[in-house]
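Let's take a walk through a protein together.

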Amino acid sequence: MKRRITFIQRVDADFDPEQAVLSASSLSVRNLDAAREDRITVGLDELPKELRTVLEQSHELHLRWASERPFDAVAPFSSRVSPGLHVNYTPLKPESSSEALCTLLRTVVAPKSDAQYKGCLEQEDSFITPPLLSTRFASSASLQYYTHLPSIQSLVEFIQSTFCAQSRADGAECHTWANALLSADSVDIDYDSISHASTVSGLWTSPPTGGWTEDFQKPASDADQVEFEPTMFSFPSRHQPLTEPSSYTVSFASPTGLHPTMSISMPRSSLKRPIAPIDATCALHTYLTLPSVIFGDQYQLATTDPLFLESHNLVALRALAGEMDLEAPDWVVQRWGSTWLLELATPPEAEDAASTPDPSNWTTTIPLHLRYLPPSETGYRTAHVPWPVVFWACTTEDGTKMGVNPFDRTNLGWDGLFGPRTMFYQLQPAGNRLVEEIDVPVLRIEGGDSYFQGKYIEFGTCVAISLGFMWVLWQLVRVAWSSGVGNKRADAAHDKRE
């Protein structure tokens with residue numbers, strides 16, 4: 001098992017050389033104001049059998065979890081995914097079953113009673129297939145899964161019972177590290193069949209109260225090693241920070257009804273083109289991860305009607321995947337939901353550079369639809385809609401493919417929808433919680449004095465169907481009887497003429 005700890009300080013953060021003391025046997029840091037990433041790498045042979053069985057059937061497996069709490073992503077960890085658990089998976093063989101993976105996910109997720117949760121059974125019924133730029137040279141996983149997951153308590157318990165139980169490290173220390181993941185802003189788990197190793201990474205974008213204070217001791221055993229060598233390095237990165245503060249907020253107009261409209265508002269000052277290479281073509285995008293309860297109309301959003309696009313400040317629908325049935329209620333939909341990549345329009349730049357900046361927000365609106373949900377005693381159910389990610393994508397015609405960066409995150413779900421030379425500049429979400437809750441009106445069941453309870457509607461529906469059936473039957477009898485009488489009269493008239 002290997003462990004890598006990385007501290008990243010902002011340029012304007014205070015630092016005294018005495019806060020970091022390096023000796024021949026230890027490294028100590030005191031009250032360090034910095035972001036932190038912890039990464040543990042475990043070989044396949046160090047894992048328990050039940051987990052090893054899943055990974056041996058996988059070409060690649062990537063779990064991405066992001067907190068609902070707002071946080072400022074810092075370079076080089078500036079990439080984002082929507083809050084919740086994202087699973088990107090490619091089986092080792094196309095015909096491989098994902099039953100073992102689904103069993104693992106049910107253990108990791110362990111959801112409470114939630115109408116939105118779509119249980120993982122098999123890949124055909126649970127995962128969606130994202131669009132790939134190339135089926136032969138795909139830069140992203142071939143299958144995708146998502147679920148709303150506010151807490152990773154079950155995931156932490158799973159790490160403690162697998163990684164910690166099988167590692168050679170001190171069990172208490174491993175359990176403490178796993179518990180610390182509960183306060184992390186994001187957690188990643190990765191495996192690929194080439195390295196035959198699994199990694200678990202936790203990211204804290206801000207320090208605890210008082211800063212980071214840690215003592216890293218040289219291990220007593222010669223079998224274990226700690227590297228204290230100072231290193232200076234530089235890597236090209238696909239995910240770049242914006243030079244000026246850029247933020248956005250997400251909201252739904254109230255009351256939402258069954259056709260809510262998502263609004264993405266951004267200060268106009270946040271929409272300046274990134275400082276990218278001169279030959280780069282930059283465009284603003286948003287990537288929506290929508291659970292099955294809410295969806296877009298692919299025919300409406302894929303329109304080229306300039307009046308519709310301009311009224312919503314949209315440019316085009318660039319990619320979509322997942323459940324698209326416009327009529328199906330939620331209890332019929334098997335897969336978890338859908339993803340949408342939209343290019344957003346930006347305000348025209350002011351001609352006079354010395355003019356007063358416009359303080360108003362620039363707002364993009366995306367019309368969406370809610371599915372019919374199961375009945376409830378209150379007549380409402382809550383839909384949890386994660387905030388989308390908003391970013392600039394800048395592509396260049398010339399140059400080489402981005403090099404390998406040990407801090408770059410890949411397989412985010414949306415990065416594979418762009419070419420290998422694309423650079424991304426992330427906007428920061430600004431809100432108290434990065435998940436919107438929508439009250440969805442549903443059928444009200446037992447309880448209360450309302451005449452619109454389930455039993456009355458059920459009885460009324462049966463009566464209406466019965467009456468309709470009797471009416472149709474009566475009309476058929478009338479037509480048949482009229483046809484018979486008419487035929488008899490015609491025959492009689494014919495005989496009389498003869």
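Two strands pair if DSSP finds at least two bridges between them. The helices (H or I, at least four residues) and strands (E, at least two) are themselves DSSP runs, numbered from the N terminus. Before we go on, a word on what you're looking at: this is a predicted model, where local features need pLDDT of at least 70, side-chain atom pairs count only at pLDDT 80 or more, and totals for chains, interfaces and linings use all residues. Residues are numbered from 1 along each chain as its sequence is written, and side-chain values use heavy atoms, with hydrogens and water left out.

Start with the whole thing. The protein has eight helices and 24 strands. Of its 498 residues, 46% count as buried, where buried means under 20% relative accessible area, exposed means over 50%, and partly exposed is in between (1.4 Å probe, protein chains only).

Now find the open sheet of seven strands, ordered E1-E4-E9-E8-E5-E6-E7 with antiparallel pairing. Its edge strands are E1 (2-8) and E7, each pairing on one side only. From one strand to the next, the twist averages 10°; angles like this run from 0 to 180 degrees between N-to-C directions, and axes are lines fitted to C-alpha atoms, for helices over the stretch in contact.

Let's zoom in on E6. This strand pairs with E5 in the antiparallel sense over eight bridges, and Ala66 stands opposite Gly84 in E6. Five bridges join E6 to E7 (residues 143-147), again antiparallel, and there Tyr89 stands opposite Leu143. How many of the eight residues of E6 are buried? Eight of them are. Both faces are covered, with Gly84, His86, Asn88 and Thr90 on one side and Leu85, Val87, Tyr89 and Pro91 on the other.

H1 (residues 49-56) lies across E5, E8 (186-192) and E9 (197-204), running at about 110° to E5. H2 (residues 99-109) packs on the sheet and touches E5, E6 and E7, its direction making about 165° with that of E6.

Next, look at the loop between E5 (58-66) and E6 (84-91), where you'll find Asp72. Is Asp72 buried or exposed? It counts as exposed because its relative accessibility is 52%. Leaving aside neighbours within four places in sequence, Asp72 is in contact (heavy atoms within 4.5 Å) with Arg80, Thr205 and Gln428. Asp72 and Pro429 are 357 residues apart in sequence, yet 8.2 Å apart in space, C-alpha to C-alpha. And across the protein, among contacts between residues at least 6 apart in sequence, 78% join residues at least 24 apart.

Finish at Gln426, in strand E22 (residues 423-426). Gln426 has 5% relative accessibility, so it counts as buried. Not counting residues up to four places away in sequence, Gln426 touches several residues, including Ser78, Arg80, Leu242, Phe391 and Trp414.
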